[in-house]
Amino acid sequence: MDRKKENSEELFRKVWRVLKGEEEAGSDGEVREVVERMFRVAEMPPLEEERVWAQVERRIVKNGKRRRWGRVMRYAAAVTVPLWGVAAGYLLWSGWQGSRQEVAAYVRPQNAVVLTLASGERVALDRKHTGDFLVTEAVSIRQDSSRGLAYESRGEQATELQYNVLDVPVATEYRLVMEDGTVVYLNADSRLKYPEVFTGGERKVYLEGEAYFEVAKDETRPFAVVAGGVEVRVLGTHFNVNAYPEKQQVATTLVEGKVEVSSGKRHAVLSPGVQAVASEQGMKLQEVDVREYVGWKDGLFVFSRMPLEEIMRQVYRWYGVQAVFFSEEVRRMTFTGVINKAMSAEELFQVIEKVVHVRFTIGKDNQVVITPK
């Protein structure tokens, strides 16, 4: 761990101790200033942090008394400390019970996940499809209310590939266990095409959208994901592929193991913590905090100085709300935080409003207008 990270973690612990002993409430402006000072520490040289901490503490501790814990908790909950504080930030959020403001007209979409069989039959995977609801010559297909869809081989030797397609709509995520034991977590607004049973010398699937793969190891049959002209090949590993069309790029983030990413004439072998971003302009490799790219699978929004425009793309896929920005300046405003996806859309907007100088107004047809304060 480098010197800067050690200092930042120590600062977080100090702020935590001060907040936890609060007895007297402070104004919104004072609390906002404390949080903003915490955030700015991430950009400061190590020697300045003690000076900043002294200023933070003077704001929180006033006239020898500490402000009430619950009051500041609403703001600290947004986790505007750097992302090394993900675990602590999640704890902060889970203790927050901020006031709820009533906003009209929001209705969360309720579309079903749809499975399209090789025959062309489409099956809406609702609650009535539980247990072994479908049996073919090669597999039994089971749906579990908590674990999603699972394929189990019936031992019959398949002679040709029979493809199924799983469509996951907005406001939904879904888990799939393929016949070889590979587990796939599909993000909202995504599609996966895959064989009922893998045959031949490779295992290949086709992705539109985003998915996290935990590939069952099989050294005799490499596993490949094809998405947006990019192919990711592995033997057994954990990785995330983001191929939503509006980005016009495919981002492969490796969590565990090793993968080879191919795009046109470019090839790269990734190690854990490295991301390959492929587009028409070529391929770029970069080291990343993988939590930012796979947090969605664990029920978290993880934003690292992310523009509101990109945040609202993710919000749309989870809540089904369409953003209307007041100006380009508002579109480019950034937010850093870790927020539990169990929050309602209204609660998520309130958290962002406490940190960013914007206001969210939900109107008809699930539109949300974002204006400066």
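Q: What is the relative accessible area of R233?
A: This is a predicted model, so every value here is computed from that prediction. For R233 the relative accessible area is 27%. R233 is partly exposed, because that figure falls between the 20% and 50% cut-offs.

Q: Which residue meets R233 in a salt bridge at 3.4 Å?
A: That is E202, with the 3.4 Å taken from N to O between the side chains.

Q: What does E231 form with R233?
A: A salt bridge. The closest N and O atoms of E231 and R233 are 3.1 Å apart.

Q: Which residues do salt bridges with shared partners join into one network?
A: K247, E309, E310, R313, E328 and R331.

Q: Another one, please. Which residue meets D167 in a salt bridge?
A: R191 does, through the side chains, at 2.6 Å from N to O. This pair also links distant parts of the chain. D167 is in strand β8 (residues 163-168), R191 is in strand β11 (residues 190-195), and they are 24 residues apart.

Q: Does D167 count as buried or exposed?
A: Buried. D167 has 18% relative accessibility, so it falls under the 20% cut-off. R191, at 34%, counts as partly exposed.

Q: New topic. Where is Q275?
A: Q275 is in strand β19, which covers residues 274-279.

Q: Buried or exposed?
A: Q275 is buried, with a relative accessible area of 2%.

Q: Which side chain does Q275 join in a polar contact of 2.7 Å?
A: The side chain of Q286. Another polar contact, of 2.9 Å, joins the side chains of Q275 and T253.

Q: What is Q275 in contact with, leaving aside neighbours within four places in sequence?
A: The list includes A251, T252, L270, K284, L285, V288 and Y293. T253 and Q286 are on the list too.

Q: Let's go to S262. Where is it found?
A: S262 is in strand β17 (residues 259-263). At 16% relative accessibility, S262 counts as buried.

Q: What does its side chain make with the side chain of H267?
A: A polar contact, at 2.8 Å.

Q: Which residues does S262 touch, not counting those up to four places away in sequence?
A: G229, V230, E231, H267 and M283. E231 is the residue that forms the 3.1 Å salt bridge with R233.

Q: How many residues apart in sequence are S262 and M283?
A: They are 21 residues apart in sequence. In space they are 9.0 Å apart, C-alpha to C-alpha.

Q: Last topic, backbone angles. What is phi of Q248?
A: Phi is positive, at about 55 degrees, although Q248 is not a glycine. Q248 lies in the loop between β15 (238-243) and β16 (250-256). Q248 is exposed, with a relative accessible area of 68%.

Q: And what is phi of R305 near?
A: It is near 45 degrees, a positive value in a residue other than glycine. R305 is in strand β21 (residues 300-307). R305 is partly exposed, with a relative accessible area of 37%.

Methods: Residues are numbered from 1 along each chain as its sequence is written. This is a predicted model: local features need pLDDT of at least 70, side-chain atom pairs count only at pLDDT 80 or more; totals for chains, interfaces and linings use all residues. Side-chain values use heavy atoms; hydrogens and water are left out. Helices (H or I, at least four residues) and strands (E, at least two) are DSSP runs, numbered from the N terminus. Buried means under 20% relative accessible area, exposed over 50%, partly exposed in between (1.4 Å probe, protein chains only). A polar contact is a pair of N or O atoms within 3.5 Å; within protein, one must be able to donate a hydrogen and the other to accept it, and residues adjacent in sequence count only if both atoms are side-chain atoms. Contact means heavy atoms within 4.5 Å. A salt bridge is a side-chain nitrogen of Lys or Arg within 4 Å of a carboxyl oxygen of Asp or Glu.
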